[in-house]
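User: Please walk me through this structure one feature at a time. For each, I would like the general idea and then the case at hand.

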Protein chains: 2
Amino acid sequence: MSLVTVGSVAFDAIETPFGKTDKIIGGAGTYIAFSSSYFMKKQNIVSVVGEDFPQEMLDKLTDKGVNLEGLQIKEGEKTFFWSGKYRNDMNSRDTLVTELNVLEHFDPIIPDSYQGCEYLMLGNLSPDVQLKVIERMEKRPKLIAMDTMNFWMDIAMDDLKKTLKKVDILIINDEEARQLSGEYSLVKAAKVIRDMGPKYLVIKKGEHGALLFHGENTFFAPALPLEDVFDPTGAGDVFAGGFVGYLASSDDISFENMKRGVIAGSAMASFCVEKFGTERLENLTKSEIEGRIQKFVDLTNFKMD
Amino acid sequence: MSLVTVGSVAFDAIETPFGKTDKIIGGAGTYIAFSSSYFMKKQNIVSVVGEDFPQEMLDKLTDKGVNLEGLQIKEGEKTFFWSGKYRNDMNSRDTLVTELNVLEHFDPIIPDSYQGCEYLMLGNLSPDVQLKVIERMEKRPKLIAMDTMNFWMDIAMDDLKKTLKKVDILIINDEEARQLSGEYSLVKAAKVIRDMGPKYLVIKKGEHGALLFHGENTFFAPALPLEDVFDPTGAGDVFAGGFVGYLASSDDISFENMKRGVIAGSAMASFCVEKFGTERLENLTKSEIEGRIQKFVDLTNFKMD
């Protein structure tokens, strides 16, 4: 099966209680692509960078089997840059700098070779851009998954609601689910959000795990209890990449398989937070990933009499 | 098997965003006894009340099979009273009133008929009183479980450390685990706390579930996602009562069975929060409890390829 990921490929500068980075590579598209690459040998990215983006990083993505034909490189422009600082509990962060740069007028191009893809992952971007991508797919993918954030709810709720009508599964965090639905209870929030369009909903709760809702079914996956969370940046995107990569590689969108996808995504996210940026995701082995997934089995497995 | 529970039998007055109670029956011992009564036909309580405590409530406990021989009724004295108000998120609360009354000089008496019990549950009380109970058991129980709270860490840490050395399993919440250990990461906190004595540790995370630690093993149980949490008072005690009641009734303290105990405790706690005080716990049926446990199975069950 083929997967198209739309999302930012960007620069980040991150400060956590454990340390501080200069400009490093980040962006939702980057994290999703690295993560899904461990499940999908072939995938495609739609994004945009400036001429300041290092070829070396593009080569790393290519090495992971990511087709960059849909990645626009804008001469004379600069790559999207975000800088943030995590508070001591690592659960909240302050944005220090946001420079939209090439993202300000991003007009996504879907190369012919991407047409006919069965799985589409819309990383966090303007809902208007997300909608354009859906409309520019000649044939509707079998599964469209989407991320978004509070920012778009604040400034583009109408566009967001339009896009939500077109997607199968929304993947957001608990605060976003509360803001989008106006409900504090996540069970109530899930009902409201699924009435907006997506039949499936994943609510990520960071260190407290993730919930998957569909129809009358609910599935819960914990996050792996870790001694240290070094840098949470990108963990949500890595979750999404692992989730959708798992679904696409198995080409099975049953609820049972989505549960496995949630576990795969959770396992990938647990690697992400161990180092700054994409570092931990660049060179994972199959057995490391299988071992991590087994930890989730061990952590949650019980049998009542 | 026989179970002895030590804990307060008390009056509470509770205010939540959903409503407000007058003086109702509460106390860790009450909640633990109600909860464990669904697993244990015979159990025993060690506690103290004033002459103002209603006989009707004592009769309800007796009806549940709770032996009250170790419950002292102090003529001319008043029952322990606590009053609190929950904030809008239901995750934090402010104590409005604490009147120790009979608890101030509580000297626990262990009736002869309680001696030889195999399971001992020490509800949240002064660690000095908890230690006295252990010392007054002629034969050490097979399993001693214990709860405590931040208050005792603030004012009686030395006593608490002495008592911790004597117990097998500590059941506390995440904030308490952090304060007791001085570690923010629960994985690190668990190591520090188990070095203080208890070989087993349960860390309750409220709506985010519970973790069980022993040796190299970790087990995680979610809380049931609920539309409304009406009143969280006593949920932690009800968890402990279901947990220890399950262990005692099956008389199996293997890690595999402790996992089942954590699920049983989580199921009981999910009932507790549905109504004010002990209301929801007074008349549960076996099939309601089995149905609730099945919800935990459905919520967490997955099978990787």
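**Reading a predicted dimer model**

Analyst: Let's start with one residue: A:Asn101 is partly exposed, with a relative accessible area of 24%. Here buried means under 20% relative accessible area, exposed over 50%, and partly exposed in between (1.4 Å probe, protein chains only). The model is predicted, so local features need pLDDT of at least 70 and side-chain atom pairs count only at pLDDT 80 or more, while totals for chains, interfaces and linings use all residues. Residues are numbered from 1 along each chain as its sequence is written, chains are lettered from A and ligands numbered from 1 in the order in which they are written, and side-chain values use heavy atoms, with hydrogens and water left out.

User: What is the phi of A:Asn101?

Analyst: As background, most residues other than glycine have a negative phi. A:Asn101 has a positive phi of about 50° although it is not a glycine. A:Asn101 sits in the loop between strand S8 (93-99) and strand S9 (119-122) of chain A. Helices (H or I, at least four residues) and strands (E, at least two) are DSSP runs, numbered from the N terminus.

User: Where does B:Asn101 lie?

Analyst: B:Asn101 is in the loop between strand S8 (93-99) and strand S9 (119-122) of chain B. Phi of B:Asn101 is positive, near 50°, and B:Asn101 is partly exposed at a relative accessible area of 25%.

User: Let's zoom out. How many helices and strands are there in chain A?

Analyst: Chain A has ten helices and 14 strands. Its C-alpha atoms fill a box of roughly 65 × 45 × 35 Å along the principal axes. For 305 residues, a compact globule would have a radius of gyration near 19 Å, and the 18 Å of chain A agrees with that. This radius is taken over C-alpha atoms, and the globule rule is 2.2 Å times the number of residues to the power 0.38. Buried residues make up 59% of the 305 residues in chain A. Among contacts (heavy atoms within 4.5 Å) in chain A between residues at least 6 apart in sequence, 64% join residues at least 24 apart.

User: How many residues of chain A are in contact with chain B?

Analyst: There are 35 residues of chain A in contact with 35 residues of chain B. The size of an interface is often given as the accessible area lost when the parts come together. Chain A and chain B bury about 3200 Å² between them, with 57% of it on carbon and sulfur atoms. Buried area is the accessible area (1.4 Å probe) that two parts lose on being put together, summed over both. In chain A, A:Glu227, A:Phe302 and A:Met304 lose the most area to chain B, together 21% of what that side buries.

User: How many salt bridges are there between chain A and chain B?

Analyst: Side chains of opposite charge can pair when their charged atoms come close. A salt bridge is a side-chain nitrogen of Lys or Arg within 4 Å of a carboxyl oxygen of Asp or Glu. The count between chain A and chain B is four. A:Asp228 forms a salt bridge with B:Lys188, the closest N and O atoms being 2.9 Å apart. On the side of chain A that touches chain B, the elements giving two or more residues are helix H7 (186-195), strand S14 (217-221), helix H9 (255-272) and helix H10 (286-300). H10(A) supplies the largest share of that side, six residues.
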